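Hi everyone, thanks for coming. Please take a look at the sequence and the structure on the screen, and then we'll walk through them together.

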Amino acid sequence: MTTAASNTSPVSRLPYRLAGVLVCATFPLIWVGGLVTTTEAGMAVPDWPNTFGYNLLLYPWTTWLAGPWNIFVEHGHRLLAVVVGLLTIALLISLYAYDRRTWLRRLGVVALAGVVAQGVLGGMRVVFDERLLAMTHACVGPLFFCFCVAMRHFTSPQFAAAATCIVPDPEFAVRLLRLSVVTGSLGFVQLALGALVRHMPVHAAPGVFRAAVLLHLAMAGALTAHVLWLVAAALRSRAPSLRVPAMVLGLSIVAQLLLGAGAWIVNYGVPAWLEGVAALPQWTIRAHSLPQVIVTTAHAAVGSLILAATTQLALRAQRLAPRTAVAAAGLVVGCLRGATA
């Protein structure tokens, strides 16, 4: 009998817990990666996968801790990446040991391939010293973070038990799912534009930088409108599972707007059209000053948090959406059919 089989199958929350630890480790990795870019420490260690000729894990810790700041940040980023890689391997092993869902095991393999690809991208960025690789590395990191959030969602007991919350409109969840996908897509485009602005070469023509900034600002307006629309729609629902990610998303977009304004001031000064405002004193720009490093890095990291919160909303909306309606939405959810069958 199916019931008997399910009762005798091994039940463990280890994959869910490991996925949670992986999420918690990946977000600081994004922070430190942004710190590497902000402080221009990406080439502080010129070789890869070694560190100044040492095995990555055998580099003297006293030299690392007492060394220059840029080496401390870059090598620390590599060590934290190793931790994330090991956690991904542990998650994959736990899935094969304790979870019988084939599609989820395959997603675990995809997660491992993703973290390996991201590590190779980071290494190639050092070996070839290419800004395009640096921008690609900066964009793939948040995607992997969102994938980790999805893995935690799929391994959660709530997902395995299936959602039982009822929404007032049968089509509400589908509309929310579509809106989440559009918002997430805008968020990723905005993240890519931010990476373009941050990695713009010094020899680029002023017009190119100006165009990138204007596109970044225009996309910020579109993304903010979509986020507020999505948050309002989620909070109007009767689904408790949507409230927390919606509130996180709403607070994140407010913080991101403030951080974006702050990042502009600490990097480029007060805009000319605001110079007459008494409450905004003139800001002396100092390269790699503490306010510049903190605000700019936080601005980059919160962008990833917005993308992750949108991903969580989309996943929870999918659990509330009728199967036929999800298919009609034209979304690629083939990997989820084993869970919704």
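**A walk through the model**

Let's start with burial: of the 341 residues in the protein chain, 44% are buried, where buried means under 20% relative accessible area, exposed over 50% and partly exposed in between, with a 1.4 Å probe and protein chains only. What you see is a predicted model, in which local features need pLDDT of at least 70 and side-chain atom pairs count only at pLDDT 80 or more, while totals for chains, interfaces and linings use all residues. Residues are numbered from 1 along each chain as its sequence is written, and side-chain values use heavy atoms, leaving out hydrogens and water.

How many helices and strands are there in the protein chain? There are 13 helices and zero strands. Both kinds of element are DSSP runs numbered from the N terminus: helices are H or I with at least four residues, strands are E with at least two.

Now contacts, meaning heavy atoms within 4.5 Å. Looking at contacts with a separation of 6 or more, 76% are between residues 24 or more positions apart.

Let me zoom in on one residue, Thr296, in helix α11 (residues 290-320). Is Thr296 buried or exposed? Thr296 counts as buried because its relative accessibility is 10%. Its side chain reaches the backbone oxygen of Gln292 at 2.8 Å. Leaving aside residues up to four places away in sequence, Thr296 touches Thr38, Arg198, Ala263, Val266 and Asn267.

On to the aromatic rings. Rings of Phe, Tyr and Trp (its six-membered ring) pair if their centres lie within 6.5 Å; planes under 30 degrees apart count as stacked, over 60 as edge-to-face and the rest as tilted. That rule gives nine aromatic pairs, and ring pairs join Phe27, Trp31 and Phe145 into a cluster.

Finally, how far can we trust the picture? pLDDT is the predictor's confidence in each residue, from 0 to 100. The protein chain averages 85, and 82% of the residues score at least 70. Over residues 1-10, pLDDT stays under 50, and the model has four contacts for them beyond four places in sequence. Residues 163-167 also stay under 50, with 10 such contacts. Where pLDDT is low, the predicted coordinates should not be read in detail.

Technical notes:
A polar contact is a pair of N or O atoms within 3.5 Å; within protein, one must be able to donate a hydrogen and the other to accept it, and residues adjacent in sequence count only if both atoms are side-chain atoms.
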